[in-house]
Amino acid sequence: MTGQETAQGPKHKRDLTRRKVVAAGAGAVVAAGVGGAFAAGAFAGEETTAGQGKTAGTSGEACYKLTSETTEGPYYIDADKLRRDVTEDQEGIALTLRLKVIDSDTCKPLANAAVDIWHCNALGVYSGYESMGSGGGGGGGGGTPPSGTPSGTPTGAPTGAPPGGGGGGHEEPTDDERYLRGTWRTDRKGEVVFRTVFPGWYQGRCVHIHTKVHVGGTWTDAGYEGGTTCHTGQLFFDEASVLATAEVAPYSTNTTTRTTLDDDTIYPGNGTEGGLLKLKYKKGAIAKGVVAMLTMGVDPEATQDGTGTG
């Protein structure tokens, strides 16, 4: 694909049955610190099964567990960007994300499903919400700190979800940026590959990527329309990989206190079933790029609106 899609204005639609994405090209943006050879081959293995797929069992036997449903979080935008390369101009360690979507009951691949991903940048900032700084929590990733001396004495107990984007209601976008967001269709093997950058962290959350799977819609010249959302989840990274990225710029400049995987309030703690990615990278040289893989078992008959908490 060539060219770069022009950013669209905020178009969040709560009714996912009427979501629409506009087909667009994506430029071959190479993330900082990544060799050309890795970038050139980022999509080379789309026909390779990703993750931990299993062989279908006997008739009536469930061959795969459902991938855990998690909260959508406050920063979802129906971003109108149909693309595999979501990098735009964001710096960071190149991440090739290979996902395989299957029916958890039959183990058959779900072809032509629409898969969304969105996540913060290396400094913990979400596109569309830059004025909120680092994940709404401030520190280490953008936004303007308050000035002056606070006045008055706070009273009563705090209300609402803590900062960090793990739960709570949807926040309306504050700007037109849409980097690190995109949608693409699964192929006949249920596989989809995205090019992005390794996410950073922000207050209250471990490192993660949000995802949705939409089925039953129609692919047209205008994009993907209709259908239902059968899975809303989050993808997670092991501590060793995150600690390795923290030694690499620009992640090393993020001063926000990091929440570990074990301390995160959203990660279900159940490994790949809960969205824990399988990672491949050269030990001691993570800056050269990472490949992340996962097979997601979903129920195509279900409707998941992402309002759950885990």
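Analyst: Strand 10 is covered on both faces: Val290, Ala292, Leu294, Met296 and Val298 are buried on one side, and Val291, Met293, Thr295 and Gly297 on the other. Here buried means under 20% relative accessible area, with exposed over 50% and partly exposed in between, using a 1.4 Å probe and protein chains only. Since nine of the nine residues of this strand (residues 290-298) are buried, it is largely enclosed by the rest of the structure. Strands (E, at least two residues) and helices (H or I, at least four) are DSSP runs, numbered from the N terminus.

A word on the source: this is a predicted model, where local features need pLDDT of at least 70 and side-chain atom pairs count only at pLDDT 80 or more, while totals for chains, interfaces and linings use all residues. Residues are numbered from 1 along each chain as its sequence is written, and side-chain values use heavy atoms, leaving out hydrogens and water.

Now for the partners of strand 10. Nine bridges pair it with strand 1 in the parallel sense (two strands pair if DSSP finds at least two bridges between them). Arg98 has Met293 of strand 10 as its bridge partner.

Stepping back, the protein holds two helices and 10 strands, in the sequence pattern α-β-β-β-β-β-β-β-β-α-β-β. Of its 310 residues, 53% are buried. Elsewhere, four strands make an open sheet in the order 3-2-5-8 with antiparallel pairing. Strand 3 and strand 8 are its edges, each pairing on one side only. Strand 5 and strand 8 run antiparallel and share eight bridges, with Val213 facing His231 of strand 8 as its bridge partner.

The aromatic side chains are worth a visit too. The structure has eight aromatic pairs; rings of Phe, Tyr and Trp (its six-membered ring) pair if their centres lie within 6.5 Å, with planes under 30 degrees apart called stacked, over 60 edge-to-face and the rest tilted. Tyr75 and Tyr129 form a tilted pair, 4.8 Å centre to centre with 55° between the planes. Tyr75 lies in the loop between helix 1 (36-40) and strand 1 (94-103), and Tyr129 in the loop between strand 2 (114-118) and strand 3 (181-185), so this pair ties together parts that are 54 residues apart in sequence. Tyr75 is buried at 7% relative accessible area, and Tyr129 is buried at 1%. The ring pair of Phe198 and Phe237 is tilted as well, with centres 4.5 Å apart and planes at 45°. It links distant parts of the chain, 39 residues apart: Phe198 sits in the loop between strand 4 (191-197) and strand 5 (208-215), Phe237 in the loop between strand 8 (228-236) and helix 2 (239-245). Phe198 is buried at 0% and Phe237 at 1%. Ring pairs also connect Tyr75, Tyr126, Tyr129 and Tyr202 into a cluster.

Two charges sit over rings, which requires NZ of Lys or CZ of Arg within 6 Å of the ring centre and within 35 degrees of the ring normal. Arg185 lies over the face of Trp219, 4.3 Å from the ring centre, and the charged end of Lys212 sits over Tyr76, 5.1 Å from the centre of its ring.
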